Amino acid sequence: MIDGSPLAVAMEVDEEFAVAAIVQRDPPKIQRLEESVVNRIAAGEVIQRPVSAVKELVENSLDADSSSISVVVKDGGLKLIQVSDDGHGIRLEDLPILCERHTTSKLTKYEDLFSLSSMGFRGEALASMTYVAHVTVTTITKGQIHGYRVSYKDGVMEHEPKACAAVKGTQIMVENLFYNMIARRKTLQNSADDYGKIVDLLSRMAIHHNEVSFSCRKHGAVKADVHSVVSYSRLDSIRSIYGVSVAKNLMKVEVSSADSSGCTFDMEGFISSSNYVAKKTILVLFINDRLVECSALKRAIEIVYAATLPKASKPFVYMSISLPREHVDINIHPTKKEVSILNQEIMIEMIQSEVELKLRNANDTRTFQEQKVEYIQSTLTPLRKDSPVSPLPSGQKTPKVPVHKMVRTDAADPAGRLHAFLQPKPHNLPDKISSLSAVRSSIRQRRNPKETADLSSVQELINGVDSCCHPGLLETVRNCTYVGMADDVFALVQHKTHLYLANVVNLSKELMYQQTLRRFAHFNAIQLSDPAPLSELILLALKEEDLDPQIDEKDHLKEKIAEMNAELLKEKAEMLEEYFSVYMDSNGNLSRLPVILDQYTPDMDRVPEFLLCLGNDVEWDDEKACFQGVSAAIGNFYAMHPPLLPNPSGDGIRFYSKRSESSQEKPDLGGNVEMESMLDQDLLSDAENAWAQREWSIQHVLFPSMRLFLKPPASMASNGTFVKVASLEKLYKIFERC
């Protein structure tokens with residue numbers, strides 16, 4: 001055989017494969033992983049996304065008995081997650097082991113899992129964050145004169161705790177999340193998606209834990225995307241977070257079981273009615289106060305809605321289920337978003353049956369908004385008994401509504417308002433009217449203001465507003481429909497079958513006062529284009545109040561009073577800026593004012609009166625009286641008073657006429673000689689714009705905000721703020737007599 005022949009080459013190849021096969025059959029060696037590798041792998045399971053870190057930190061804040069939780073996020077949580085609370089804080093001696101794995105204050109032995117009432121229990125969350133991010137903790141406990149700040153990496157402190165200034169509670173900053181996990185970080189570059197998940201999480205938390213105020217905003221943003229205040233009504237919490245359109249279409253549902261076989265639970269919640277339409281199911285589920293997911297329950301509810309309602313409408317569902325703690329296994333998922341329940345199938349079947357029963361009963365009285373503009377014109381003529389009615393396909397008869405109970409219910413249709421029956425008059429209306437739907441959307445999405453500062457005096461004032469609320473007027477305000485302005489002060493509003501005159505000045509003044517208290521120390525700001533001297537503004541207000549401006553002797557006294565008030569306000573400038581966002585510089589110039597309602601700017605012609613009121617009417621020595629006085633002054637300034645220029649409609653048009661020279665030379669002949677006049681078009685245009693802007697703000701800003709925020713005091717029932725002018729039932733009886 002010759003070397004290099006095909007046979008020799010084949011034999012050499014076979015020998016190489018045989019040797020390789022022998023080598024590959026050797027079992028790999030098992031090695032003990034380094035602790036840092038183990039911890040990083042475990043951290044990737046616990047902290048899967050930025051929202052996982054937010055959930056763990058917020059649950060820790062709830063376990064710390066916090067009443068206020070604030071979240072700040074940058075780049076979807078990858079660059080910064082900051083969670084601040086006002087809980088009991090962390091003891092100094094606990095800081096060295098705070099971020100070690102499996103260190104916790106929630107349990108001591110395994111059996112404690114079955115009687116656990118806290119959100120956290122493993123002691124893994126903070127430790128996991130330190131292995132994939134840079135973590136800084138600032139905390140202070142009750143009785144300490146200062147707090148402590150310390151940074152952590154890989155579960156241990158990077159330095160000894162440093163004394164620092166701190167507010168009550170704990171603040172945890174998580175920076176550069178997944179900085180050492182390149183693949184994970186690249187998959188999470190869509191920060192908008194992750195921030196949306198965080199907002200959704202905080203929204204769900206806020207409606208269940210309504211005894212805690214929540215806020216969530218992007219880093220550097222002034223306005224929060226989630227801001228809720230403490231509420232005693234679950235429905236109010238849902239209204240403030242998800243909007244009026246959701247809350248008004250919810251029905252309460254309750255299920256309770258004490259079966260001897262072991263299926264024991266209590267469920268209460270809200271489900272959407274047949275009038276609610278959405279493309280996506282929203283299930284907010286809490287089991288023993290823990291936010292969880294349950295795909296089986298979600299499918300069961302969707303099946304009921306698909307079978308009961310047309311077009312397979314997607315529901316909004318909030319449920320809170322209470323179970324014996326020994327019937328729930330909470331330790332089955334790394335992020336604790338799922339739990340295992342004893343007799344889960346029986347419980348879901350009972351809930352499904354109750355939801356189906358509730359929907360079928362509600363479906364009998366379903367409301368369809370089919371009102372058309374053409375039909376509104378026909379309502380001006382008497383109804384005819386022989387008008388044709390289309391029969392239902394099934395042959396069933398629709399329940400007949402009494403004529404005296406028929407009212408317009410479609411508040412979204414502007415053709416049904418008072419303006420539809422008036423001759424239109426051209427106005428130079430603001431450009432905002434063209435984007436009316438966008439403004440309405442902004443009003444609906446607007447949530448309650450951020451949490452108030454931790455001051456008992458402010459909380460007492462807010463509690464006073466809540467305790468004095470008139471339940472009947474609250475029902476009217478929440479569900480009324482704006483019809484139109486009756487005169488310069490009163491608006492016509494409809495509630496059910498009643499028509500009211502509502503004093504918009506009193507209502508707006510009270511709303512602005514309440515919003516000032518609730519937004520205390522958390523205002524957006526209006527920047528004035530040109531700073532205005534305080535003394536000159538106050539002097540202007542004094543001259544406007546003077547009934548006899550011809551006397552020059554008073555000018556010196558007025559200037560002295562103006563200077564004294566200006567010096568007083570300069571002394572209080574720091575407090576006014578911090579708590580009310582009223583900024584006055586060291587030179588005594590006013591340059592910034594607070595935003596009380598979005599889409600609304602106050603009448604700047606009333607700034608002098610506002611400053612004079614601050615100087616004269618506020619009791620600065622008493623904290624509670626001071627805050628009440630400043631809030632009342634702001635409420636009066638921001639109230640929707642009639643513009644200073646007379647209303648150009650009606651008799652007010654005379655104010656804008658100016659006499660010509662020929663008419664001034666003619667003697668007054670007892671009114672028999674017609675005065676030649678012409679209108680001052682520039683002044684008239686300014687007046688028309690001012691009045692149109694005010695009416696637009698009343699309709700599209702004031703009334704939507706009132707429905708969300710106003711709690712009318714009992715005094716409004718008797719001081720003429722609301723006056724009933726007509727009742728459809730009584731009018732119908734009068735017409736019957738005729």
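## The loop at Asn288

In this predicted model, Asn288 sits in the loop between strand E12 (282–287) and strand E13 (290–292). Helices (H or I, at least four residues) and strands (E, at least two) are DSSP runs, numbered from the N terminus. Asn288 is not a glycine, yet it has a positive phi of about 50 degrees. Its relative accessibility is 17%, so Asn288 counts as buried. Buried means under 20% relative accessible area, exposed means over 50%, and partly exposed lies in between (1.4 Å probe, protein chains only).

Residues are numbered from 1 along each chain as its sequence is written. This is a predicted model, in which local features need pLDDT of at least 70 and side-chain atom pairs count only at pLDDT 80 or more, while totals for chains, interfaces and linings use all residues; side-chain values use heavy atoms, with hydrogens and water left out.

## The loop at Lys496

Lys496 also is not a glycine and has a positive phi, of about 55 degrees. The loop that holds Lys496 runs between strand E18 (490–495) and strand E19 (498–503). Lys496 is exposed, because its relative accessible area is 57%.

## The chain as a whole

The protein chain contains 23 helices and 25 strands. Of its 738 residues, 45% are buried. The chain exposes about 40,200 Å², and carbon and sulfur atoms supply 52% of that area. Accessible areas come from the Shrake-Rupley method with a 1.4 Å probe; for residues, only the protein chains shown count as cover.

Contact means heavy atoms within 4.5 Å. Among contacts between residues at least 6 apart in sequence, 72% join residues at least 24 apart.

## Helix H13

Helix H13 (residues 456–467) has twelve residues, which at 1.5 Å a residue should span 16 Å. The expected span is 1.5 Å times one less than the number of residues. The end C-alpha atoms of H13 are 16 Å apart, which agrees.

Which residues of H13 are buried? They are Ser457, Val458, Leu461, Ile462 and Val465. Seen down the axis of H13, these buried residues fall within an arc of 140 degrees, so they line one face of the helix. The arc is that of the directions from the helix axis to the C-beta atoms. An α-helix has 3.6 residues a turn, so residues three or four places apart point the same way. On the other side of H13, Ser456 and Ser467 are exposed. The cover over the buried residues of H13 includes helix H15 (504–518) and helix H20 (623–638).

## Helix H14

In helix H14 (residues 471–479), the buried residues are Leu473, Leu474, Thr476, Val477 and Arg478. They pack against helix H7 (234–242), E18, E19, helix H22 (681–709) and strand E25 (722–727).

## Val244 and Leu708

Val244 lies in helix H8 (residues 244–247) and is partly exposed, with a relative accessible area of 28%. Leaving out residues up to four places away in sequence, Val244 touches Arg239 and Leu708. Val244 and Leu708 are 464 residues apart in sequence, but 7.7 Å apart in space, C-alpha to C-alpha.

## A nonpolar patch

Leu33, Val37, Val38 and Ile41 form a nonpolar patch on the surface, and together they have about 330 Å² of accessible area. Patches are made of residues with over 30% relative accessible area and no salt bridge; like charges are joined within 9 Å, nonpolar side chains (Val, Leu, Ile, Met, Phe, Trp, Tyr) within 5 Å. A salt bridge is a side-chain nitrogen of Lys or Arg within 4 Å of a carboxyl oxygen of Asp or Glu. Val37 belongs to helix H2 (residues 35–46) and counts as partly exposed, at 35% relative accessibility.
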